[in-house]
Each structure stands twice: as structure tokens, then as C-alpha cells.
Amino acid sequence: GCSGVARDGGMAEFAVADWRSVHEIPESVPTPTAAWTEPLAVAVRAVSLGGVRPGGTAAILGAGAIGQLILQLALNAGAAGTVVVEPSRLRREVAVACGAGAAVAPGEVDRIDRRYDVVFDCTGAADAFATSLALAAPGGRVVVLGSYPAPVSLDHIPAEASVVFSSVYRDDAEFAAALRILARGLIDTGPLTTAVLPLSDHAKAFASLLDPEQAVKVFLDPGLGP
């Protein structure tokens, strides 16, 4: 299982890692970029399960770190039409800067006049599941990431679509693939790293992440290298 999920993670003075979970960072990948490997691995698995195809369309609900990465991966896969649904103005602006065809607040979803081949629910909000189904084209697919804090309910089925749940990633596949993607420069992590702080400011960093208008992701610099 993944460290931090099935067993304790690395937020400790010492940690033991399975050798299969240890990957060498290519020399061409700077440390702040390499720090994106783990969330990118989550996004790689989700996009693979979603089956985004060249010329297809994709909707992303939730523009936090994972949603932003899924957007860029979908665009790299050739998605011709994309939309991001996100309440934070900052995160909507970041999504548009990274190539989203449109970015709307949840209250504006009814104004979207098309349906999408693949819909990614990155919100963890129970009411987003119904929205995801409503945005899916007939025969489309909904990929759900994360866990809902409350039971999900539906009063009708708005479209005939398949639903798949994406769970983290596999160390020997998606994690290694994420490193290769970063090494090739296919993902722009610059706009997603909204702050760089020293490790001593960890409390400030975590506090800022509670406000989506302040941050997408904060890099805590341990001073290990470039």
C-alpha cells in the first residue's frame, strides 16, 4: 500500500520506505518540480481510467492540485474541449492560464450548454456527484477521486454513463510515469505552486491551504538542493 494511505507516511523525523516506493529523481528535474510527483501520479491514474482521447472533451470538478494536474494531462492527451468547475476565483484563473477552455463557479453550471466525454470529480463534495453525472455525455464516463464526507443520493439518472472510482496510484507504474512526465517538461507546475516557504513556516503553509483563494499548493523548502 501507499505510504501515508495504507501505512504511516513521511511526516516524521525518520521513516522506513519500501524499496519499490523509492524513485531516483532525474537530474533535469529541480526539487520544487519533483515535489509534484505524488499528486501527479494520482492524476495520471485518474486520466488513464478516464480514457481521455484526442479530440474528446473533459470536465473537471474541483481545481485544487489534483484537478489542475488532470486538466493539463487531459490537454496533453488531446482533449479538444475542457471546462473546470471551481468556487475559488484564484483557482479558476490558474486553470484558464493553464489552458482550460472555460472555468466557472458551481452556481454557473446550468449555463454550460454541452456535455463531456469524461468528467472528473476531484471535489470530495457529496453534491458534486450529481453534477458530474449531469455533465456527462450519453455513453460518457465519470471518474471519482477521493472520498465523500456524506452519503451520495440521486433522484434521477440524467444520462447513461459509466462511473469509475480512482484510488491513489501504483508505485511501480503511475509514480514512475509521473516522474517521466515531469522530466519531459509536459506539465507546468509553476502556476500551481502559489507559494514557496521554508520548512520552519510549516504552520503558515498549512493554514494557507485552508483558504482556496490563497493557494493551490505550497512548497515547503527543506533546503535539499536546487
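Predicted model: local features only at pLDDT ≥ 70, side-chain atom pairs only at ≥ 80, totals over all residues.
Local features here need pLDDT of at least 70, side-chain atom pairs count only at pLDDT 80 or more, and totals for chains, interfaces and linings use all residues. Residues are numbered from 1 along each chain as its sequence is written, and side-chain values use heavy atoms, with hydrogens and water left out.

Helices (H or I, at least four residues) and strands (E, at least two) are DSSP runs, numbered from the N terminus. The twelve residues of H3 (residues 65-76) should span 16 Å at 1.5 Å a residue, and the end C-alpha atoms are 17 Å apart, which agrees; the expected span is 1.5 Å times one less than the number of residues. Nine of the twelve residues of H3 are buried, where buried means under 20% relative accessible area, exposed over 50% and partly exposed in between (1.4 Å probe, protein chains only). Among the buried residues are Leu69, Ile70 and Gln72.

Arginine 53 sits in the loop between helix H2 and strand S1. Its relative accessibility is 62%, so arginine 53 counts as exposed. Beyond its neighbours within four places in sequence, arginine 53 is in contact (heavy atoms within 4.5 Å) with Ala77, Gly78 and Ala79.

The elements named above have these residue ranges.

| Element | Residues |
|---|---|
| Helix H2 | 37-50 |
| Strand S1 | 57-61 |
| Helix H3 | 65-76 |
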